[in-house]
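This report looks at aromatic ring pairs first.

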Amino acid sequence: MDLVIDGRAVIDIVDPQRQWGVSPFARRFSRGAARQWLADYRGAFGDRDERLSGEELEIAVCGACGDLGCGNLAVDVEMAADTVAWRRPHWAGDDDEDDDEPDANDPESLLPQLLVFNRVEYDAALADTERFIARAGWYRETPEAAVWLDRLRNRFTRLWDK
């Protein structure tokens, strides 16, 4: 499931080559993870990664694992009674204000600096997302896939630690 702005998937805007990112609501993630992201989109910033600030909203995540440490794209979200604004695309959890300006192909540069949504339409889209996530068969993972992913992570972790 992709996030769509003006008929175009966010991931197609920020990662046109589809090399690193996916929607946080991609079927490859667990239902629990998708529900947490959904809560964030509604402004209920409860149980989430401590590296995220209160207003950060992840809009494109690592396609393999969705982990913040891999490089997730975020915006600062501002919710009002009639509108929801996404501001300042940036790498999630990156609090270094002294970074150089991103180049033209950097995902931070490809999304507008300000997007404003009608609150009623925004909430309706989130309700549709919640119904989609709740569907039977939304997420399918075999136990073998989980074991394979753990073995792969362990193998690469050992290489990085050397």
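## Aromatic pairs

The structure holds six aromatic pairs. One is formed by Phe29 and Trp37, and its geometry is edge-to-face. The ring centres of Phe29 and Trp37 are 5.4 Å apart, with 65° between the planes. That angle counts as edge-to-face because the cut-off is over 60 degrees. The model is predicted.

Phe29 has a relative accessible area of 5%, so Phe29 is buried. Trp37 has 9% relative accessibility and therefore also counts as buried. The cut-off for buried is under 20%.

## Ring cluster

Ring pairs also join residues into a cluster. Its members are Phe25, Tyr41, Trp86, Phe117 and Tyr122.

## Asn72: position and burial

Asn72 sits in a loop. The loop runs between strand E4 (56-62) and strand E5 (73-79). Is Asn72 buried or exposed? Asn72 is buried, because its relative accessible area is 0%.

## Asn72: polar partners and contacts

The Asn72 side chain has a polar contact with the side chain of Glu58, at 2.7 Å. A polar atom of the Asn72 side chain also lies 3.1 Å from the backbone oxygen of Gly66.

Which residues does Asn72 touch, leaving aside those up to four places away in sequence? Glu58 and Gly66 are among them.

Key:
Residues numbered from 1 in each chain as written. Predicted model: local features only at pLDDT ≥ 70, side-chain atom pairs only at ≥ 80, totals over all residues. Heavy atoms only, no water. Helix = DSSP H or I, 4+ residues; strand = E, 2+ residues; numbered from the N terminus. Buried < 20%, exposed > 50% of the residue type's maximum accessible area, 1.4 Å probe, protein only. Polar contact = N/O pair within 3.5 Å; in protein donor to acceptor, adjacent residues only side chain to side chain. Contact = heavy atoms within 4.5 Å. Phe/Tyr/Trp six-rings, centres within 6.5 Å; stacked < 30°, edge-to-face > 60°.
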